[in-house]
Amino acid sequence: MAAGSHLTDALAADAPSTDTLAADATDTLASSGPFTAAAEAAVRGALGTASLTPRRGRASYVGEHAIGVPDSGAFGVALLFSALAAVYEPVAATRLPDPVRLTSH
């Protein structure tokens, strides 16, 4: 995120899809593989976007109506890393939440 910050005036909170990758994966990485660590951080980040009011992108059109709903791009990142973890790190990935439970209300 920092490497591309010179390209836009967007703040970190303006880009929840990339915020998921910048989450606290470092701590998790020490106790699991890289895909599982990335998935755990991405899931936490995606869930955290539910409290944000979108200010950029398509979600900005709905404004405060989006509060309580996780960002779809952030969830896509979380699901991608969860799938990679399930394939390449099946033992560590067992502690990840079930993707069906993440996407249903």
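From the N terminus on, the elements of the protein run α-α-α-α-α-α. That makes six helices and zero strands, where helices (H or I, at least four residues) and strands (E, at least two) are DSSP runs numbered from the N terminus. The structure is a predicted model, in which local features need pLDDT of at least 70, side-chain atom pairs count only at pLDDT 80 or more, and totals for chains, interfaces and linings use all residues. Residues are numbered from 1 along each chain as its sequence is written, and side-chain values use heavy atoms, with hydrogens and water left out.

Of the 105 residues of the protein, 33% count as buried. Buried means under 20% relative accessible area, exposed over 50%, and partly exposed in between, with a 1.4 Å probe and protein chains only. Contact here means heavy atoms within 4.5 Å. Among contacts between residues at least 6 apart in sequence, 60% join residues at least 24 apart.

In soluble globular proteins, nonpolar side chains tend to be buried together. Leaving aside its neighbours within four places in sequence, Ala78 is in contact with Ala42, Val43 and Ala46.

How are α3 and α4 placed relative to each other? Two packed helices are described by the angle between their axes and the distance between the axes. The axes of α3 and α4 come within 8 Å and cross at roughly 155°. These axes are lines fitted to C-alpha atoms, for helices over the stretch in contact, and angles run from 0 to 180 degrees between N-to-C directions. The two helices are therefore roughly antiparallel to each other; angles under 35 degrees count as roughly parallel, over 145 as roughly antiparallel, 65 to 115 as roughly perpendicular and the rest as oblique. The crossing of α3 and α4 is left-handed, a term used if the near helix is turned anticlockwise from the far one by less than a right angle, with right-handed used if clockwise.

On the α3 side, the residues that meet α4 include Phe35, Thr36, Ala38 and Ala42. Their counterparts in α4 include Ala74, Phe75, Phe81 and Tyr88. The residues of this contact divide into 15 nonpolar, two polar and no charged. In this count Ala, Val, Leu, Ile, Met, Phe, Trp, Tyr, Cys and Pro are nonpolar, Asp, Glu, Lys and Arg charged, and the others, Gly among them, polar.

Apart from neighbours within four places in sequence, Thr36 is in contact with Ala85, Glu89, Ala92, Ala93, Arg95 and Leu96. Ala38, also found in α3, counts as buried at 15% relative accessibility. The C-alpha atoms of Ala38 and Phe81 are separated by 6.2 Å, although these residues are 43 apart along the chain. Gly45 has its place in α3 and counts as buried at 18% relative accessibility.
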